[in-house]
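Here are my notes on the model, point by point. Please read them with the structure open.

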Amino acid sequence: MSESSTTGRGQSAFPWLRGSLSLIGTLALCVGQMACQPSRTSDRLIVASAGRISSLDPARANTFGALQLLSAIGDTLYKRSANGELQPSLASALPEISEDGRTVTIPLRDDVLFHDGTRFDAEAMAFSLRRFLRIGRLNYIVGGRITAVETPKPFLLRLRLSRPSTSLVNLLTATNLTPVSPTAYSDYENRALNDRFVGTGPYRLANFRAVQQRLEPFEEYWGEPPRNAGLDLIYLSNSTALFGAMRSGEVDVLLSDAIDEDQRLALNRMAENDQLREAQGPALVIGYVTLLSNTPPFQDPRVRRAMALSLNRELISLRVSHGLRPPLRSLVPPALPGADGVSWPSFNIAKARTLLLDAGYCNGRVLTVPFTYRSNVPADRLMALTWQTQLQRDLPDCLALNLNGMESTTVYRQLGDGTFPAVMLDWRGPYPDPEAYLAPLLSCKVSKGFICERGEAAISGSFWTAPGLDQALKRSDRSRGRKRLDDLEAIEAVAAQGAAYIPVWLVTARAWSQTTLATPEFDGNGQVRLAQLKEVR
């Protein structure tokens, strides 16, 4: 989820980067010239991505860029390693869970300072948790599980839960729960602080603008210090600018959240030829279609199922991403426990036609579906065009797509209003657990039959639920082991039958660095470990 930004040609968009050199001007000179390597005037590294950052507040941040940045200037209680191991960070040991599962006790480190010198302790962590529960944009991820935050000792945190929760430990790795200094945020207990940040991370924020940030190593950091002299994070307006900056050597590291698929493939080939270094993280982003189920035509489950059956995922994966986005038939990424990977039916035109005939279409009546894609996400447009062309070939007398491109922020703003009959989206769970994928799409507080009137299923734009589904979600979060896996599989089977969501593909996190740097590393939450970026001799 990223927003576009523009920069005037010939102007210095990043005046504090590498002397007075204009990045845009340099790109104009260097595009297509692999040997063009601007000379350094600093030991700092430049990390490039797409879009812009509108809020640095952990309670409000919800884009890839903002969460990536917060992971460098803040810490969480726990982290997931690249192999999925839970590791204490600001916590000093793994959490202790009571026998009834309703009390979680977390010992904290006693050697941590915030960037403003304030001591990190249980009261500081409680301040941030309570603040998130009050004003957090994603506070629904807590799902009413935390009923009280207690501080029985200076470095001991206790969470009281409304019910046992298997996913809570993974929730404690979420970047949105990054603590902030109670001193710096004393006037922001009930409102967001968007353009500043005071946390405990290995870097402190030295300069902030929506399209550029400067990070300086925090000299009093409690853990391993950064392996570089500092970072400049920049956000360019489009994929071509990002690709050109990486090819020219103007940037040191490129994150892949908004690169055109052809350019992504070109970068992969450059890495294979030792012209770049490439890193792959966990595949935690799902691409999917949401169908508006509370109004015609998708109020009819036969039509929704026909749409799901008409989607040729293998063709779309090949045409759009050269196979780099593998087909997906589950709402939960296969890498996470509890994902069966094959809940949704595979491509079957004959069955799709039968369902459409049964619903009164074909035989002279074509169902034309308004299909919205995010115009600033290159893969979305290609997916929409490919599916449209495929349906013109396979179901010309039954089903057609009428395409409409719309900027992503507008899509997100209007999604819960029921604006889009069919829309292409993606989702990265805020923490690596099936709950973080199923609950945001399927949970519902108020329902009538198969219609969700209030809850995440409504906010997500489908307005679909099923009798007993919300209770099943809660049961799955209480169960453990094989029982939980069975519960999750049953939930996905119900969701696949409802077909208000159609999984399309899986996206693997990637990053590229110049050969003068070590290969970037990812953590278990799919974020690049920026403090580990270093030059190699």
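1. This is a predicted model. I start with the second largest pocket. Three elements, α2, β2 and β3 (86-88), each supply at least two residues of its lining. The largest share comes from α2, with three residues.

2. The second largest pocket has a volume of about 550 Å³. Its lining counts 24 residues. Nearest the centre lie Asp 75, Lys 79, Tyr 221, Arg 529 and Gln 532. By class, the lining of this pocket holds 10 nonpolar, eight polar and six charged residues.

3. Next, the cavities. How many of 30 Å³ or more does a search of the whole structure find? The search finds six. The largest cavity holds about 100 Å³ of space. Its lining has 14 residues, and Thr 76, Lys 79, Thr 173, Thr 175 and Gln 527 lie nearest the centre. Note Lys 79: this residue is listed nearest the centre of the largest cavity and also nearest the centre of the second largest pocket.

4. Which elements give two or more residues to the lining of the largest cavity? They are α2 (64-73) and β2 (78-80). The largest share, three residues, is from β2. In the second largest pocket, by contrast, the largest share is from α2. The lining of the largest cavity divides into two nonpolar, eight polar and four charged residues.

5. The second largest cavity has a volume of about 70 Å³. It is lined by 11 residues. Ser 54, Ser 55, Asn 62, Thr 63 and Ala 66 lie nearest its centre. Three residues of this lining are nonpolar, four are polar and four are charged.

6. Now the helix pairs. Helix α14 (residues 469-478) and helix α15 (residues 481-498) have axes that come within 9 Å and cross at roughly 155°. Angles over 145 degrees count as roughly antiparallel, so α14 is roughly antiparallel to α15. Their crossing is left-handed.

7. What makes the contact between α14 and α15? From α14 come Leu 469, Ala 472, Leu 473, Arg 475, Ser 476 and Asp 477. From α15 come Arg 484, Asp 487, Leu 488, Ile 491 and Val 494. This contact has six nonpolar, one polar and four charged residues.

8. The second pair is helix α5 (residues 239-248) with helix α6 (residues 261-272). They pack at an angle of about 15°, and their axes are 11 Å apart. Angles under 35 degrees count as roughly parallel, so α5 is roughly parallel to α6. The crossing of α5 and α6 is left-handed.

9. In the contact of α5 with α6, the α5 side gives Ser 239, Thr 240, Phe 243, Met 246 and Arg 247. The α6 side gives Gln 263, Ala 266, Leu 267 and Met 270. By class, the residues of this contact are five nonpolar, three polar and one charged.

10. Two backbone details deserve a look. Is the peptide bond from Pro 296 to Pro 297 cis or trans? The bond is cis, with omega near 0°. Pro 297 sits in the loop between β13 (285-291) and α7 (301-310).

11. The other backbone detail is at Phe 463. This residue is not a glycine, yet its phi is positive, at about 60°. Phe 463 lies in the loop between α13 (456-459) and α14.

Terms used
Residues numbered from 1 in each chain as written. Predicted model: local features only at pLDDT ≥ 70, side-chain atom pairs only at ≥ 80, totals over all residues. Heavy atoms only, no water. 1 Å grid on protein atoms, 1.4 Å probe; cavity = no way out; pocket = protein on both sides within 12 Å on 5 of 7 lines; lining within 4 Å. Points joined across faces, edges and corners; volume = space filled by probe spheres on them. Helix = DSSP H or I, 4+ residues; strand = E, 2+ residues; numbered from the N terminus. Nonpolar A, V, L, I, M, F, W, Y, C, P; charged D, E, K, R; others polar. Axes fitted to C-alpha atoms, helices over the stretch in contact; angles between N-to-C directions. Parallel < 35°, antiparallel > 145°, perpendicular 65-115°, else oblique. Left-handed = near helix turned anticlockwise from the far one by under 90°. Contact = heavy atoms within 4.5 Å.
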